There are 2 protein chains.
Amino acid sequence: MYPLKFEELIASLEKLPGVGNKTAQRYAFSLLEKSHEEIDAMLEGIAGIKEIKRCRICGFLSDEDTCLLCRDDTRDNSTIMVVANSQDVVAIEKTQSYKGRYHVLNGLISSSKGIYPDELNISSLTDRIDENIKEVIIATSPTLDGEMTALYLNKILKDKNVLVTRLAHGLPMGASLDYADDLTLIKAMDNRRKIENE
Amino acid sequence: MYPLKFEELIASLEKLPGVGNKTAQRYAFSLLEKSHEEIDAMLEGIAGIKEIKRCRICGFLSDEDTCLLCRDDTRDNSTIMVVANSQDVVAIEKTQSYKGRYHVLNGLISSSKGIYPDELNISSLTDRIDENIKEVIIATSPTLDGEMTALYLNKILKDKNVLVTRLAHGLPMGASLDYADDLTLIKAMDNRRKIENE
């Protein structure tokens, strides 16, 4: 129905995750409203992705050999937080409550998806553990794959002279108790803490 | 937080309609999984938009001077259906129930958005009306802007020797009567038809 070039445009946009034909059409029509300069700027932005690498040290996104965070001398070298993806680093950084180093696995061990430890950025993690590292915080999501990955990491780190911790599980802040699922409630009860008197 | 090239990519994707920072990030990470060849194919698809024109006759999208539909000799030259956008042409064509010509206004008259008739593809419509045209079907949406545009078109076409019709308003097929809004119910009652005995 549409001219060939337009169909090709729609097909290109359908490659984005969760974008079906209808959404791709909507995107295509909005691009049609843009000037050639705006389209060129967008093409340049997308083409830039070909220059993005993974940091040699931690695996986070970088446009140089090492990433911004690994190059930052002000950060605490004694802790490493292990996360699944680069998005997680950004989420933690937004809290401004962690000043240590990161290690990005770029995935999780998954029996259902057939992802094995050797496909992840794990060996470079064990290489990073030396006498300076006091604590490794495993910050994978509390999902099946996240838990499995945490168990595996704990196993390979246990011979190293380092404290291995895991982010706490419990009720999310601001949520209603009766909306929490059973597993979360059980974890919240198991991990209950004494209220400190000040 | 992210490397500059990645932030630029996210900014480019945020230009798409309804795409906020979160969705743009999701798109950006999915593009990161793709090979350079796939990215190049996508860039080519998007760049193709710069070659898309509007048909000289009807205003529909085209990569030549005239569009596929205007070049089609098998279509009925005696009726013109007037629609707001190219998407509407595709929607009507999908029904396979109309074999006449189209005219795409590329917008609707809108007092709220400040769109006036001279900004739309209207003058070329009146130029197309000659003794061969028997009927002009106004197929703008039954919204405020659509109704206003239909009234305007009816006014400028009334001196031409041509039947001007409007798509019927009423209950949508398959919908429940008690979910219909008041205006639709009123229109459906006003436009009630005698049941034909066969």
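**A sheet in chain A**

Strand β5 (residues 135–138) of chain A pairs with β6(A) in the parallel sense, over four bridges. Strands here are DSSP runs (E, at least two residues), as helices are (H or I, at least four), numbered from the N terminus, and two strands pair if DSSP finds at least two bridges between them. E135(A) has L163(A) in β6(A) as its bridge partner.

This is a predicted model: local features need pLDDT of at least 70, side-chain atom pairs count only at pLDDT 80 or more, and totals for chains, interfaces and linings use all residues. Residues are numbered from 1 along each chain as its sequence is written, chains are lettered from A and ligands numbered from 1 in the order written, and side-chain values use heavy atoms, leaving out hydrogens and water.

The open sheet has four strands in the order β4-β3-β5-β6 (chain A), with parallel pairing. β4 (101–104) and β6 (163–166) of chain A are at the edges with a single partner strand each, so one side of each has no neighbour in the sheet.

Helix α7 (residues 144–157) of chain A lies across β3, β5 and β6 of chain A, at about 170° to β6(A). Contact means heavy atoms within 4.5 Å; axes are lines fitted to C-alpha atoms, for helices over the stretch in contact, and angles run from 0 to 180 degrees between N-to-C directions.

Now the pocket. α5 (86–95) and α8 (182–190) of chain B each supply at least two residues of the lining of the largest pocket.
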